[in-house]
Amino acid sequence: GMTPLRVSIAASIPSILLLMGLTYVAGRGLFGVYVAFIATFWVGPCRVIRGEVLKLRESEYVQAARALGYGPLRILARHVVPNTVHLMLVNFALLFVGAIKNEVILSYLGVGVVDEPSWGIMIDNAKMELGGGARTYRLTDAVVTGCGTAANRPTESISFSYAKVDF
């Protein structure tokens, strides 16, 4: 299994370097980028969810359910998962923005997506035009921010509905 030491080791490697290496090994293109994202993006949420589960394990309602003889699956389904869903959703929203950013970086550097539409490829192809001023950079930032906000809004509303679960 994944021990805390293995998770810490995986978290200690700079993510962009790990993504570049994994994309190179898995092959250039969308498949390689997906493999690299899957192999690296689980570390942060894993640590957060594990910490929350360890905290919830000692909570009074979990102790009471255990004392009443409820099995681990019922405790997990009724108490632990509902109280960690909001963390999963927030991590998803943050990773979504990170995935966009990293895909752009990988494709711009020529390691990521090759024959597919990509913001990194578009930026690379428009290098000469980007020297024209800060207006182009502001527009690019606005588009990336808009995509991140679009992913964050539904996640935020769902997260708030799960944040205070009382049993």
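Helices here are DSSP runs of H or I with at least four residues, numbered from the N terminus.

The structure is a predicted model, in which local features need pLDDT of at least 70 and side-chain atom pairs count only at pLDDT 80 or more, while totals for chains, interfaces and linings use all residues. Residues are numbered from 1 along each chain as its sequence is written, and side-chain values use heavy atoms, with hydrogens and water left out.

In helix α3 (residues 30-40), the buried residues are Gly 32, Val 33, Ala 36, Phe 37 and Thr 40. Since they cover an arc of only 135 degrees around the axis, they are placed on the same side of α3, whereas Phe 31 and Ile 38, on the other side, are exposed. The buried residues of α3 pack against α2 (15-26), α4 and α7. Within helix α2 lies Thr 23, which counts as buried because its relative accessibility is 0%. With residues up to four places away in sequence not counted, Thr 23 touches Arg 28, Gly 32, Val 33, Ala 36, Leu 106, Val 111 and Gly 112.

Two packed helices are described by the angle between their axes and the distance between the axes. For helix α4 (residues 43-57) and helix α7 (residues 85-108), the axes come within 10 Å and cross at roughly 165 degrees, the axes being lines fitted to C-alpha atoms over the stretch in contact and the angles running from 0 to 180 degrees between N-to-C directions. Helix α4 is therefore roughly antiparallel to α7, a description that applies to angles over 145 degrees. The contact is made by Pro 45, Val 48, Ile 49 and Glu 52 of α4 together with Leu 87, Met 88, Asn 91 and Leu 95 of α7.

Note on methods:
Helix = DSSP H or I, 4+ residues; strand = E, 2+ residues; numbered from the N terminus. Parallel < 35°, antiparallel > 145°, perpendicular 65-115°, else oblique. Contact = heavy atoms within 4.5 Å. Buried < 20%, exposed > 50% of the residue type's maximum accessible area, 1.4 Å probe, protein only. Arc of directions from axis to C-beta.
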